[in-house]
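Me: I'm new to this one and would like a quick tour. Can we take it step by step?

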Amino acid sequence: MKTRNKIICGDCMKVMKQLPDLSFDVCSFSPPYSNGKFFDINKDFDKGGVFHEYLSEIARVSRVIGINFTQLIGKDGENSLFIEKLILNASDYGVELLDRWIIYKKVGQPARGNRVLNRFEYLLVFLGKGVSHNFSKEEKEKFKLFQTVFEVVSFRSKRNQVVTTTPYYEEIPMQMIGVFGREGSVVFDPFCGTGTTLKIAKLMGYDYFGIEIDDVICDQTIQELV
Ligand SMILES: C[S@@+](CC[C@H](N)C(=O)[O-])C[C@H]1O[C@@H](n2cnc3c(N)ncnc32)[C@H](O)[C@@H]1O
């Protein structure tokens, strides 16, 4: 299957099953929340659950994976526990935690209803299956240049888009690709939605591969990108 500069409309699990190990150097994504067609992270996160199966497959085809969860915190202390569970049980999910970067949202999340203004989120950086920490000298130099606490401000303009998804900050794929992209890399987003990761990859001179299950969103993203 061609994996350069392509967006496939379908279930990413089915598509990934057709791909060889470590097809991609960089994977950057935000998981499906309540618009998940095959799973919804709010319901299907638990160890051994549906998300576990998807993440294991993502880890098989990707060298480094950056995941940003929108972490909602309630005034009563109620919190989404995905992040803590994922860090604690990373090996059960088929990944190894490399680092935790901090995303500082200058504007914050709207403090609606029971929610607090949530200004910080994690970008969890994982190594894919069987990938070691032995990065090249050049990559180690790049690590030193990047801030692992970084500010995010920009959503891509949604003016011409008929349908949108949970907003995804451009700085997230920019960081991931900037640190882990190598000559000839293909950047992967298994839940590509409106294609923020893919658009940033293209802007930075890399090839991309995205999968999106919602046909309307997928067609729109293809029209914009390909
Ligand atoms: C949080 S959004 C991603 C937003 C994206 N980063 C962007 O820039 O628009 C998650 C996306 O995953 C899609 N999705 C849900 N289940 C999927 C599956 N099994 N395979 C592929 N895409 C899926 C949803 O339709 C949604 O567009």
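Me: How many helices and strands does the protein have?
Reply: This is a predicted model, so everything here is computed from it. Counting along the protein gives 8 helices and 8 strands.

Me: What radius of gyration does the protein have, and how does that sit with the globule rule?
Reply: For 226 residues the globule rule gives 17 Å, and the protein comes close to that, so it's as compact as a globular protein of that length. Its C-alpha atoms fill a box of roughly 45 × 40 × 35 Å along the principal axes. The radius of gyration itself is 17 Å.

Me: Which residues come nearest to the ligand?
Reply: There are 23 residues around the ligand. That shell divides into 10 nonpolar, 9 polar and 4 charged residues. The ones that come nearest are Pro 32, Phe 191, Gly 193, Thr 194 and Thr 196.

Me: Is Ser 23 buried, exposed or partly exposed, and why?
Reply: Ser 23 sits in the loop between α1 (12-16) and β2 (24-29). A buried residue needs 20 or more C-beta neighbours within 10 Å, and an exposed one has 12 or fewer. Ser 23 has 17 inside 10 Å, so it counts as partly exposed.

Me: Which residues does Ser 23 touch, leaving out those up to four places away in sequence?
Reply: Ser 185 is 162 residues away from Ser 23 in sequence, with 9.2 Å between their C-alpha atoms. A contact needs C-beta atoms within 7 Å. With those sequence neighbours left out, Ser 23 touches Thr 3 and Val 61.

Note on methods: Residues are numbered from 1 along each chain as its sequence is written. This is a predicted model: local features need pLDDT of at least 70, side-chain atom pairs count only at pLDDT 80 or more; totals for chains, interfaces and linings use all residues. A residue is near a molecule or strand if its C-beta atom, placed from the backbone, lies within 6 Å of it. Ala, Val, Leu, Ile, Met, Phe, Trp, Tyr, Cys and Pro count as nonpolar, Asp, Glu, Lys and Arg as charged, and the others, Gly among them, as polar. Helices (H or I, at least four residues) and strands (E, at least two) are DSSP runs, numbered from the N terminus. Two residues are in contact if their C-beta atoms, placed from the backbone, lie within 7 Å. The radius of gyration is taken over C-alpha atoms; the globule rule is 2.2 Å times the number of residues to the power 0.38.
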